[in-house]
Amino acid sequence: MANVKNGQTVRDPVCGMTVHFGGPYELTHAGARMGFCSASCLARFRAEPTSFEKNRPPETPSKTATWICPMHPQVVRNEPGSCPICGMALESETARAEDQPNLELVEMSRRFRWSALLSIPLVILAMRDMVPGLPSLLGRSVSGRTLSLVEFALATPVVLWGGWVFFARAWQSIANRRPNMFTLIGVGVGASYVFSVMATLSPGVFPPAFRRHDGEVGTYFEASAVIVALVLLGQVLELRARSRTGAAIRNLLGLAPKTARKISDDGAESDVLLGEVAVGDRLRVRPGERIPVDGLVLDGDSAVDESMISGEPIPVEKSPGARVTGATVNGTGTLVIRAERVGEATLLAQIVRMVNDAQRTRAPVQRLVDNIAAWFVPSVIGVAIVTFIAWAIFGPEPRFVFGFVNAVAVLIIACPCALGLATPMSIMVATGKGAQVGVLFRDAAAIEALREVDMLAVDKTGTLTMGKPQLEDVVAFGELDDDTVLRLAASLEQGSEHRLAAAIVAGAAARGVQLSSPREFRSVTGKGVIGHVESRLVGLGNRELLAEMGADDLAVAMDRAESLRIDGRTVMFVVVDGRISGLLAVSDPIRDTASDAIRSLRDSGMQILVLTGDNRTTADAVARKLAAR
């Protein structure tokens, strides 16, 4: 077990989370190599190893991680490395919940910082004649050869250490006969550095025509160092963008609970790791807990916050026979569910897999860039060779030296820093930035297709509106006054978990209305709630509830309800002892920024559609208010 390869997975014996070997938190215990998700889990195990002995990993790891190229999904390896086609570092195909450090980003950042630190004075020295005051400061006490040696000392660690990864990728591309951006970077930087070293250490091999007025041969140290520093910067930015997308995936994975409350056949209950839940198991979901897996409600009534799936902030009522989704949040009721989809089959796992796969998809423009690069790289090398041959045959003496210098110039000028970085960078930054604001792209082609989009469908509740309903109007009919209607309705709604019920109770409290305790409360799915308050049978809900309770005299109430809906209210009818006694109108305030956002989108040529489960009258009212602001 101790010689297991990095990248393979094992379960954290403390919390049960799946981790990859090669991370910062590991320990060998009783001959077994163990991985931990965090420093706290490692510390807990060290303090009490016998408490977690039963969770000790098996002698063989659970799974071998697969590593894949983000730009070329056909490249698959069993261990980390670089892509033989483009040279990009391979990524783990398996999404990880633990936030492990990106070792490649750490290494590239370190190389870039030191390369930039050394390149800045190198550029100043190379351009000393153009820096005001520097020539007079140096004076004649510092010879040109001494300055060349200083440049050599500054450039050498940048090129040989900072740029070593590019040379390795360039050699790999040549060995695999897959020329790419790193081929030209390696050849161009290597040729300019070798030429500069020769010019510094053996200037006598160059003819007088190559010498400056001080007798020294010009060097390209600053060019080779700056190219390395710039390409390293591009790599760092790209890796950071990919890390942001990875953070979004980890956030998704973190939505799932780590354990579930399992009910055995004899009725006993125990907490088990989520990975131990099987299809058909009965699970108890207590108030406020996340639902562990996709399943079917067997017993209990509650309201479940499904905003992580639908974006809708108002909880959905759940009763026996209703389906629930893993990682959604249970309300104040208790549910007993039967597990129907577990592990990789759950909806959350499918979403994570889709987002993870989207990182490795390629936009159509990337294929175009690859095709250009496939021809561009060998063409440039060919031009450099032709340049050398032409100067060697037709150039003045010393022909070979002139040919070498001009061939190097071709390679340096053609170094495709932008060609290889621009397209992958744009895709990665788009996915990473989108992930930061909660936008998850299905694939890279969708990003490119966005430029053709001219219509945007926007959800109303929680997007255009605040998603926090407020009580606006109380209308009484018949013998009861407004305060009595509100007191009876709000007292009844104390037993409900619905967000609209919370708005009514909060509105009554704000008006100083004293509430009573309801009895025999029950929720009628899709209609409303019914119960006894102060010895009266009270119902609160929609028009279907009126029919169930046998309420009559609907005409006046319907007309008044429609007038409130026109103003953007959601209306509920109050029935007391079989008669319509009033209306309660609740509204969801429009976001302060919604109008400006809609106006900006329209000014850019977008058509806006409003999507809502509310009725057409309320939706039209919200649209009018947005248009009028």
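Analyst: Accessible areas here come from the Shrake-Rupley method with a 1.4 Å probe, and for residues only the protein chains shown count as cover. By that method, the chain exposes about 30,800 Å², with 57% of it supplied by carbon and sulfur atoms. This is a predicted model, where local features need pLDDT of at least 70, side-chain atom pairs count only at pLDDT 80 or more, and totals for chains, interfaces and linings use all residues. Residues are numbered from 1 along each chain as its sequence is written, and side-chain values use heavy atoms, leaving out hydrogens and water.

User: How many of the residues count as buried?

Analyst: 45% of the chain's 629 residues. Buried means under 20% relative accessible area, exposed means over 50%, and partly exposed is in between.

User: And how many helices and strands?

Analyst: The chain has 20 helices and 24 strands. Both are DSSP runs numbered from the N terminus: helices are H or I with at least four residues, strands are E with at least two.

User: At what angle do helix 5 and helix 6 cross?

Analyst: Roughly 120°, and the axes of helix 5 (residues 164-175) and helix 6 (residues 181-201) come within 8 Å. Axes are lines fitted to C-alpha atoms, for helices over the stretch in contact, and angles run from 0 to 180 degrees between N-to-C directions. So helix 5 is oblique to helix 6; under 35 degrees would be roughly parallel, over 145 roughly antiparallel, 65 to 115 roughly perpendicular, and the rest is oblique.

User: Which residues of helix 5 and helix 6 make the contact?

Analyst: Helix 5 brings Phe-166, Phe-167, Arg-169, Ala-170, Ser-173 and Ile-174, while helix 6 brings Phe-182, Thr-183, Ile-185, Gly-186, Val-189 and Gly-190. Contact means heavy atoms within 4.5 Å.

User: What about helix 15 and helix 16, how far apart are their axes?

Analyst: Their axes are 9 Å apart, and helix 15 (residues 482-493) packs against helix 16 (residues 499-510) at about 130°. Helix 15 and helix 16 are therefore oblique to each other. Leu-486, Ala-490 and Glu-493 of helix 15 meet Ala-501, Ile-504, Val-505 and Ala-508 of helix 16.

User: Changing topic: where is Ala-43?

Analyst: Ala-43 sits in helix 1 (residues 39-47). Ala-43 counts as partly exposed because its relative accessibility is 43%.

User: How many residues apart are Ala-43 and Tyr-25 in sequence?

Analyst: They are 18 residues apart in sequence, and Ala-43 and Tyr-25 are 9.7 Å apart in space, C-alpha to C-alpha.

Key. Buried < 20%, exposed > 50% of the residue type's maximum accessible area, 1.4 Å probe, protein only.
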